[in-house]
Every structure is written in structure tokens, then in C-alpha cells.
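Biologist: I've got the model open next to its sequence, and I'd like to learn how to read it feature by feature. Where shall we start?

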Amino acid sequence: MVASGFNRNNGALIRLLMTLSRPFSRSPEQGADTLVWLADSAEPGGQSGGYFTDRHRAAPSAAAQDAEAALRLWELSEEQAGLKAEA
């Protein structure tokens with residue numbers, strides 16, 4: 001979790017929870033470190049489309065690899081955006 005100010009405007013309870021979790025959170029700079037490293041460094045080589053954490057390639061969770069859930073999310077996103085895929 002990154003102490004970025006996310007959820008700051010979602011009510012007093014959420015603001016309190018985010019404030020209490022701040023000491024256990026990464027700074028915005030720490031949170032951005034792997035993204036900046038991927039964009040700026042030659043070290044990752046030609047790796048593309050992977051999941052990275054703390055400058056290392058990592059396996060996504062089982063939920064992130066669930067093709068049926070991905071399809072449901074895609075369809076719901078189309079619906080919410082007012083788009084419809086061509087049949």
C-alpha cells in the first residue's frame with residue numbers, strides 16, 4: 001500500500017483508517033520505484049507484459065490469472081462505459 005492520499009475524500013472513517021495505516025505504507029517514491037525502474041533501466045531486458053514487484057518479475061495471484069473473471073470484468077467495463085463489442 002502506498003501513502004499517496006488516495007481515499008482522502010471518502011469520509012471521516014476512511015480518512016482515519018488511511019491515517020492509521022500510513023506508518024505501514026510505502027512512500028509515493030517507494031511505490032513508484034519499480035515503475036520508474038522498468039521505464040528507465042535496461043536491466044529488465046525485453047520482458048514485456050509481466051507482473052513486477054520490488055524490481056523483480058513475480059507470478060500474479062490465481063485470481064489475476066482467472067480467464068473467466070477477466071472476461072466478466074471486460075464485459076462489465078464495456079457495459080459501464082456504454083460500449084458493446086461487435087459480435
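Modeller: Let's start with accessibility. At 58% relative accessibility, Leu13 counts as exposed, because the scale calls a residue buried under 20% relative accessible area, exposed over 50% and partly exposed in between (1.4 Å probe, protein chains only). Leu13 sits in helix H1; helices (H or I, at least four residues) and strands (E, at least two) are DSSP runs, numbered from the N terminus.

Biologist: Before we go on, what sort of model is this?

Modeller: A predicted one, where local features need pLDDT of at least 70 and side-chain atom pairs count only at pLDDT 80 or more, while totals for chains, interfaces and linings use all residues. Residues are numbered from 1 along each chain as its sequence is written, and side-chain values use heavy atoms, with hydrogens and water left out.

Biologist: Is Ser25 buried or exposed?

Modeller: Buried, because its relative accessibility is 17%. To see what surrounds a residue, look for contacts, that is, heavy atoms within 4.5 Å. Once neighbours within four places in sequence are set aside, Ser25 touches Met1, Val2 and Ala3.

Biologist: And what does the side chain of Ser25 reach?

Modeller: The backbone oxygen of Ser21, at 2.9 Å. That's the kind of pair we call a polar contact: N or O atoms within 3.5 Å, where within protein one must be able to donate a hydrogen and the other to accept it, and residues adjacent in sequence count only if both atoms are side-chain atoms. There's another with Gln30, where a polar side-chain atom lies 2.8 Å from the backbone nitrogen of Ser27. Gln30 is in helix H2 and is partly exposed, at 48%.

Biologist: Next, salt bridges. How many does the structure hold?

Modeller: Two. The test is a side-chain nitrogen of Lys or Arg within 4 Å of a carboxyl oxygen of Asp or Glu. Asp54 pairs with Arg26, with 2.8 Å between the closest N and O atoms. This pair links distant parts of the chain, 28 residues apart: Asp54 is in the loop between strand S1 (51-53) and strand S2 (56-58), Arg26 in the loop between H1 and H2. Asp54 is partly exposed at 40%, and so is Arg26 at 33%.

Biologist: Which side chains meet in the other bridge?

Modeller: Those of Asp33 and Arg55, at 2.8 Å from N to O. Asp33 is in helix H2 and Arg55 in the loop between S1 and S2, so the bridge ties together parts 22 residues apart in sequence. Asp33 is partly exposed at 31%, and Arg55 likewise at 39%.

Biologist: Last one: how do I read a pocket?

Modeller: Rolling a probe the size of a water molecule over the atoms shows where empty space is left. On a 1 Å grid over the protein atoms alone, a pocket is an open set of points where a 1.4 Å probe fits, with protein on both sides within 12 Å along at least five of seven lines; lining residues have an atom within 4 Å of a point. Points are joined across faces, edges and corners, and the volume is the space filled by probe spheres set on them. The largest pocket here comes to about 150 Å³.

Biologist: What lines the largest pocket?

Modeller: Its lining has 14 residues, with Gly5, Phe6, Met18, Thr19 and Arg22 nearest the centre. By class there are five nonpolar, six polar and three charged residues, where Ala, Val, Leu, Ile, Met, Phe, Trp, Tyr, Cys and Pro count as nonpolar, Asp, Glu, Lys and Arg as charged, and the others, Gly among them, as polar.
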